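Dear colleague,

Please find the sequence and the structure below.

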Amino acid sequence: MNAAEVNFDGLVGLTHHYAGLSFGNEASTRNQLQPSNPRLAVLQGLRKMKALADLGYLQGVIPPHERPNLPLLRQLGFYGSDAQVLARAAQQAPQLLSAASSASAMWVANAATVSPSADSGDGRVHFTVANLNNKFHRSIEAPETADLLRAIFRDPQRFCVHDALPQVALFGDEGAANHNRFGARYGDAGLQLFVYGREGQHAGITPERYPARQTLEASRAVARLHQLDEARTLFVQQNPAVIDQGVFHNDVIAVSNQQVLFCHEEAFVNQPALLEQLAERVPGFTAIVVPRARVSVSDAVATYLFNSQLLQHPDGGMRLILPEEARQHPGVWAYLTELAESGGPIRELTVFDLRESMCNGGGPACLRLRVVLTAEEQRAVNPAVMMNEQLFTQLSQWAERHYRDYLTQADLADPALLQEGRDALDALTQLLKLGSVYAFQR
């Protein structure tokens, strides 16, 4: 069946700030308490979306969440008017105010795991919202993510959005950042590779420095929810040693598209055996394995070489979408230049300035959720979220109107910021025809 991959990028929220909330994400920790520029952040993301749409790729938008999250702060015991809640949280527990204000939902690779209709037992596109329970500031995202996905993928005959798995450590689920799909054509049944960091019910091998966020139990539960045939799934453990070097998700050390896997040689436990299995089960499978002698794990983390988008090129090859940091690193860029000129699957390198996202630990792949859709399914998606010239202009003007260009942790207590966010999201829901998806609108 004819189908295509559609990338849905997250819009950066108005409270984008550097709070260092994500232990194990070294960029997040390194830039803690530095001032941010939310307006620049959202515009950088929009420019990437528009450029890819201009290149012929199908591109959609996923809105930000409402932040600060006042209901959460009230649940934690801060009382009074909205202004009083913000002031009390800032005075008594500024880290909780930062968590309740986090714009981390912008990284929609963690929004959900997605299985196309060609793979699922009931012929629908399945989404399981990630519970993200390893980090408090992300664990609060799931209900709003589900509402937003249902406002975009509205047709229950074609789409099924599952709520998040139980909010316990046994079912720690980080979404599509730990998920890959292989196959010759998007519309044909493929092989889904689920990558986990630990087994919740068994000791096994685990990282020693940083947490392994994804569990095998969560990955298996998602596969069951999506009604995936066991012959079409494969489960593999991420190398604990690279988690301890800042590879908090698999998409920081590997990326795939169709028959191609681009990864570091230290990405997986028992990697040679995994590559043999993929070669046996994926016709035409090609592995591009980057040796540690050319690119160290630390350099891969610093440049987000693998947190790139691997997109099908019109000539049949692949295009790699990279952050500017990869081009600025002489060793990494030399390797990539050789790779593009080698005659292999990756033939073109496209670079974007995403510094505001990168400083908080998210590159091009973090900002997008991949959804394989048939032509009929594409027509069933809310058309107002699909990127084109008109939407780019409207969203750019919206961002210029509503977003601040300087934000620190102290600014999160400003009641005016809360109102600015509500005004912006109210306008955005009308622009994207989402209905009343935010709590303040109900």
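Helix α4 crosses helix α17 in a right-handed sense. The model is a predicted one. In it, α4 (residues 82–92) and α17 (residues 415–431) pack with their axes 9 Å apart and at an angle of about 120 degrees. Angles of 65 to 115 degrees count as roughly perpendicular and those over 145 as roughly antiparallel, so α4 is classed as oblique to α17. On the α4 side the contact is formed by Asp-82, Ala-83 and Leu-86, and on the α17 side by Pro-415, Leu-418 and Arg-422. Sorted by class, this contact of α4 with α17 holds four nonpolar and two charged residues, and no polar ones.

Helix α17 also packs with helix α16 (residues 389–402): their axes come within 10 Å and cross at roughly 165 degrees. The cut-off for roughly antiparallel is over 145 degrees, and α16 is therefore roughly antiparallel to α17. This crossing, too, is right-handed. From α16, the residues in contact are Gln-394, Leu-395, Trp-398 and His-402; from α17, they are Glu-420, Asp-423, Ala-424, Ala-427, Leu-428 and Leu-431. The contact of α16 with α17 comprises six nonpolar, two polar and two charged residues.

Three strands, in the order β12-β13-β14, make up an open sheet with mixed pairing. On average, and with direction ignored, neighbouring strands are turned by 25 degrees against each other. Strand β13 (residues 318–323) runs parallel to β14 and is joined to β14 by six bridges. In one of the bridges between these strands, Met-318 is partnered by Ile-346 of β14.

Two helices accompany this sheet. Helix α2 (residues 38–54) lies across β12, β13 and β14 and runs at about 145 degrees to β14. Helix α13 (residues 330–340) packs on the sheet and touches β13 and β14, its direction making about 140 degrees with that of β14.

Finally, how many aromatic pairs does a search of the whole structure find? The search gives eight.

With kind regards

Key:
Residues numbered from 1 in each chain as written. Predicted model: local features only at pLDDT ≥ 70, side-chain atom pairs only at ≥ 80, totals over all residues. Heavy atoms only, no water. Axes fitted to C-alpha atoms, helices over the stretch in contact; angles between N-to-C directions. Helix = DSSP H or I, 4+ residues; strand = E, 2+ residues; numbered from the N terminus. Parallel < 35°, antiparallel > 145°, perpendicular 65-115°, else oblique. Left-handed = near helix turned anticlockwise from the far one by under 90°. Contact = heavy atoms within 4.5 Å. Nonpolar A, V, L, I, M, F, W, Y, C, P; charged D, E, K, R; others polar. Pairing = 2+ DSSP bridges. Phe/Tyr/Trp six-rings, centres within 6.5 Å; stacked < 30°, edge-to-face > 60°.
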